[in-house]
Amino acid sequence: MPLEIRQIPCLSDNYGYLIRDEATGAVAAIDTPDVNAINDVLADAGWRLTHILNTHHHWDHAGGNLALKEKWQCEIIGPGAEADRIPGLDRAVGDGDIVKFGQSAAKVFDTPGHTSGHIIYYFAEDEAAFVGDTIFAMGCGRLFEGTPAQMWASLSKIAVLPPQTRLYCAHEYTQANASFALTVDPHNDDLKSRVREIDQLRASGTPTVPTTVAAELATNPFLRAEDEALKAAIGMSGAGAVDVFAETRRRKDNF
Ligand code: ZN
Ligand code: FE
């Protein structure tokens, strides 16, 4: 049975998500960026919140946990590696765990780098992954609590998912990411045409998320640390992937 997915723009540039297992009516919030925005969508849809699935501890992802739990008595599932920083956590999960949600199931991947315990949720049957702040359209999360090697390994887990997998990122950072991507991957024709599409979508206020694994493999400089043209463009021909990734991330931090 399929999942129904509602995307909720909130705060300045976050996306919250509500997913409903159609077989059972179970409803999960992926992260809790904005309690009122989430409750409004639940009320409009006539849905009852049964679960919260957290990706990491940042306030714009777990800050609404306690208020939503108080209202709905929902079960909170989140990363065991940062359990002490997830408000109201009921069940800690980590790499390889299966989270049963109604008749749907998500596989958990550890994706440390942005935070030390960040996780993502992959619903294989639905070809959907909720990736928090690990990967964005043409970007990746800042390395607040991890090393370039950790983040490269985390991104590599996403890169090998089936190419049609939709990636539900937690922020609309796409246009800024695109501007940066052009500076390190200036000869990439897929990137150039994607930037034109993105600019058109944003001009009409349309979300550019979800993206797909295929689109990111072709245009996301943080997944392209093994691409010879990108390496040459930043003066790192012959360098290893982790070093190229680290330099790309360093440049983005200063962009
Ligand atoms: Zn974050
Ligand atoms: Fe965030």
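Buried denotes a relative accessible area under 20%, exposed over 50%, and partly exposed the range in between, computed with a 1.4 Å probe on protein chains only. By that criterion Asp 133 is buried, with a relative accessible area of 3%. The views below show a predicted model, in which local features need pLDDT of at least 70 and side-chain atom pairs count only at pLDDT 80 or more, while totals for chains, interfaces and linings use all residues. Residues are numbered from 1 along each chain as its sequence is written, ligands are numbered from 1 in the order in which they are written, and side-chain values use heavy atoms, with hydrogens and water left out.

View 1. Donors are N, O and S atoms within 2.8 Å of the metal (3.2 Å for Na, K and Ca); water is not among the atoms, so sites may look incomplete. Irregular covers anything other than tetrahedral (four donors, all angles between 85 and 135 degrees), square planar (four) or octahedral (six), the latter two requiring opposite donors over 155 degrees apart and all others between 65 and 115. His 56 counts as buried, at 0% relative accessibility.

View 2. Protein donors of the iron ion are Asp 60 (OD), His 61 (NE2), Asp 133 (OD) and His 171 (NE2), lying 2.1 to 2.4 Å from the metal. Angles of 84 to 169° between the four donor atoms make the iron arrangement irregular. The iron donors are spaced D-H-x71-D-x37-H along the chain. His 171 is buried, at 3% relative accessibility.

**View 3. An aromatic cluster formed by Tyr 15, Tyr 17, Phe 123, Phe 130 and Tyr 168.** Rings of Phe, Tyr and Trp (its six-membered ring) pair if their centres lie within 6.5 Å; planes under 30 degrees apart count as stacked, over 60 as edge-to-face and the rest as tilted. The count by this rule is eleven aromatic pairs. The ring centres of Tyr 15 and Tyr 17 are 6.5 Å apart and the planes stand at 45°, so this pair is tilted. Phe 123 and Phe 130 form an edge-to-face pair, 6.0 Å centre to centre with 90° between the planes. Tyr 15 and Tyr 17 are buried, and Phe 123 and Phe 130 are both buried.
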